[in-house]
Amino acid sequence: MTRLHQQLLYIAALASATLLSADALNIIGSSSGDTSHKPITTNNPSRRNFVQFGLVAAAASSMPTMAANAVDAQFKEVGQQERPPEGETPFSTLPNGVQIKDFRQGSGSTVQNGSRVELTMKGRLLNLNGVIFYDTKSNDPNGFGEGTPLQFTVGDKSVLPGLESGLIGMSRGGIRRIIVPAEVGYGAFPSLEPQPLTDVERRALDSVVKNPRRDQTVMFDCKVERLK
């Protein structure tokens, strides 16, 4: 049972206990013969609705925090699983600390130093629960929603070295998740590609890169569209 389910069950139990307690007070007051005070009447729709509304409001106010905690846990555990969930392959760690995981194998020749590649990809900030700071679909001059792939030559020092090393061995059509630590990412090379394409994406990346107290690890989901 998830934490969310446990808390919702607790709230439901609290609601039942509150209403039962009110009913009990009503019975006591009416059976004692004491007419100096009016008994509590939970049969009054407005009073009962007020109690229920308060409990629902308390539950609703706690849901954003619970949702945030769930997202925090999701991204905290990315690449750190003891064993792969549901038979999936685990992340592999490269000598420079980059972690990679294939979701689809491509075909044909593989990415090597000197390869010319075109990628569709998204970049996410793990420190901000996976907020997107780069998306090739944001570069959409024609307005058709297809975006423009990121193009570069592996080894030309225009792209984050951690991203380059994570692409080695991929083939056309392959999809890979690449986790890049700060030492081979924006922490050491803040001006290298890929750079945000919108103001919103720029602000998201800057909020992490320009704050040394934050973990600057980033995650890229990459698909090789072309390879030469």
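The second largest pocket of this predicted model has a volume of about 200 Å³. Closest to the centre of this pocket, among its 14 lining residues, are Thr120, Met121, Lys122, Asp221 and Lys223. A pocket here is an open set of points on a 1 Å grid over the protein atoms alone, where a 1.4 Å probe fits, with protein on both sides within 12 Å along at least five of seven lines; lining residues have an atom within 4 Å of a point. Volume is the space filled by probe spheres set on the points, which are joined across faces, edges and corners.

In this predicted model, local features need pLDDT of at least 70 and side-chain atom pairs count only at pLDDT 80 or more, while totals for chains, interfaces and linings use all residues. Residues are numbered from 1 along each chain as its sequence is written, and side-chain values use heavy atoms, with hydrogens and water left out.

**Pocket lining**
- At least two lining residues come from each of β4 (116-125), β8 (175-180) and β9 (218-227); strands are DSSP runs of E, at least two residues long, and helices are runs of H or I, at least four, numbered from the N terminus.
- β9 gives the largest share of the lining, 4 residues.
- The lining holds 8 charged, 4 nonpolar and 2 polar residues, where Asp, Glu, Lys and Arg count as charged, Ala, Val, Leu, Ile, Met, Phe, Trp, Tyr, Cys and Pro as nonpolar, and the others, Gly among them, as polar.

**Strand pairing**
- β4 and β9 run antiparallel and are joined by 9 bridges; two strands pair if DSSP finds at least two bridges between them.
- Within β9, aspartate 221 stands opposite lysine 122.
- β8 also pairs with β9 in the antiparallel sense, over 6 bridges, and lysine 223 in β9 is the bridge partner of isoleucine 175.

**Arginine 177**
- Arginine 177 lies in strand β8 and is partly exposed because its relative accessible area is 22%, between the limits of under 20% for buried and over 50% for exposed (1.4 Å probe, protein chains only).
- The side chains of arginine 177 and aspartate 221 are joined by a polar contact of 2.7 Å, that is, a pair of N or O atoms within 3.5 Å, one able to donate a hydrogen and the other to accept it; residues adjacent in sequence count only if both atoms are side-chain atoms.

**Glutamine 216**
- Glutamine 216 sits in the loop between α4 (199-209) and β9 and is buried, with a relative accessible area of 12%.
- A polar atom of the glutamine 216 side chain lies 3.1 Å from the backbone oxygen of valine 209.
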